[in-house]
Amino acid sequence: MQCPKCDGSLEPKQYTDIQIHRCNLCAGLWCKPEELTKMRGEWMSEVELDSGDPRTGARLNKVEDIRCPVCGIALDKESDPKQTHIWYESCPEGHGIFLDAGEFTDLKFTTFIDVVRDMLTRKRGN
Ligand SMILES: [Zn+2]
Ligand SMILES: [Zn+2]
């Protein structure tokens, strides 16, 4: 599958019973919603799976108009309900979710910094 954000290709990646795809260039992750839930509960999954450079992820996070590698329709941008600074893309047809490099690690750990950052964002009126 072609990576929705760059010229790389999404290659299968397995960790324990979790099966996702990872881009061979930008290290973005493509996974099913149920796999993401499993990944969040798995010890060390972020080290094994989210090995990309967060700086690349931050740059690609700004790419607009990206399409589902399965069905080709535009992906919806969604923010995590608990960590609203994290934006990821998901297929409205449920084919998967795309996380930029570093985003899964960020999602998995709600840090004190996140709490403060979200409070500041809300204060600004967003
Ligand atoms: Zn890529
Ligand atoms: Zn799709």
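In strand E6 of this predicted model, Ile97 is the bridge partner of Ser90. Phe98, also in E6, is the bridge partner of Glu89. Strand E5 (residues 87-90) and strand E6 (residues 97-99) run antiparallel and are joined by two bridges. The hairpin formed by E5 and E6 has six residues between the strands, and in this hairpin Gly94 takes a positive phi near 85 degrees. On the pairing of E5 with E4, four bridges join the two strands, which again run antiparallel. Here Ser79 stands opposite Trp87 of E5.

These pairings belong to an open sheet of six strands, in which the pairing is antiparallel and the order is E1-E2-E3-E6-E5-E4. Strand E1 (10-15) and strand E4 (76-79) are the edge strands, each pairing on one side only. From one strand to the next, the twist averages 35 degrees. Strands of a sheet pair through backbone hydrogen bonds, in either a parallel or an antiparallel manner.

The protein as a whole contains five helices and six strands. Along the sequence these elements follow the pattern β-β-β-α-α-α-β-β-β-α-α. The radius of gyration is 14 Å, close to the 14 Å that the globule rule gives for 126 residues, so the protein is as compact as a globular protein of that length. Taken along the principal axes, the box filled by the C-alpha atoms is roughly 40 × 35 × 25 Å. Of the contacts between residues at least 6 apart in sequence, 51% join residues at least 24 apart. Buried residues account for 33% of the 126 residues.

Helix H1 lies across strand E2 (18-23), strand E3 (29-31) and E6, and runs at about 100 degrees to E2. The largest nonpolar core has 24 residues, and Leu29 and Cys31 are those with the most contacts inside it. Two or more residues of this core come from each of E2, E3, H1, E6 and helix H4 (103-108). In soluble globular proteins, nonpolar side chains tend to be buried together. Leaving aside residues up to four places away in sequence, Cys31 touches Ile20, Leu36, Met39, Gly96 and Ile97. One of these, Ile97, is the residue of E6 whose bridge partner is Ser90.

Ala27 is placed in the loop between E2 and E3. Ala27 is buried, because 23 other C-beta atoms lie within 10 Å and the cut-off for burial is 20 or more. Apart from residues up to four places away in sequence, the residues that Ala27 touches are Arg22, Ser51, Gly52, Asp53, Thr56 and Ala101. The C-alpha atoms of Ala27 and Val115, which are 88 residues apart along the chain, are separated by 26 Å.

The other two loop residues carry positive phi values. Most residues other than glycine have a negative phi. Thr16, found in the loop between E1 and E2, is not a glycine, yet its phi is positive at about 45 degrees. Thr16 counts as exposed because it has 12 C-beta neighbours inside 10 Å, and the exposed class covers residues with 12 or fewer. Met44 is found in the loop between H1 and helix H2 (45-49). Phi of Met44 is near 65 degrees, a positive value in a residue other than glycine. With 9 C-beta neighbours inside 10 Å, Met44 also counts as exposed.

Confidence was considered last. The average pLDDT of the protein is 89, and 94% of the residues score at least 70. Among the elements, E3 has the highest mean pLDDT (97), whereas helix H5 (residues 112-123) has the lowest (73). Where pLDDT is low, the predicted coordinates should not be read in detail.

Note on methods:
Residues numbered from 1 in each chain as written. Chains lettered and ligands numbered in written order. Predicted model: local features only at pLDDT ≥ 70, side-chain atom pairs only at ≥ 80, totals over all residues. Rg over C-alpha atoms; globule rule 2.2 N^0.38 Å. Contact = placed C-beta atoms within 7 Å. Pairing = 2+ DSSP bridges. Axes fitted to C-alpha atoms, helices over the stretch in contact; angles between N-to-C directions. pLDDT = per-residue confidence, 0-100. Core = buried A, V, L, I, M, F, W, Y, C linked by C-beta atoms within 7 Å.
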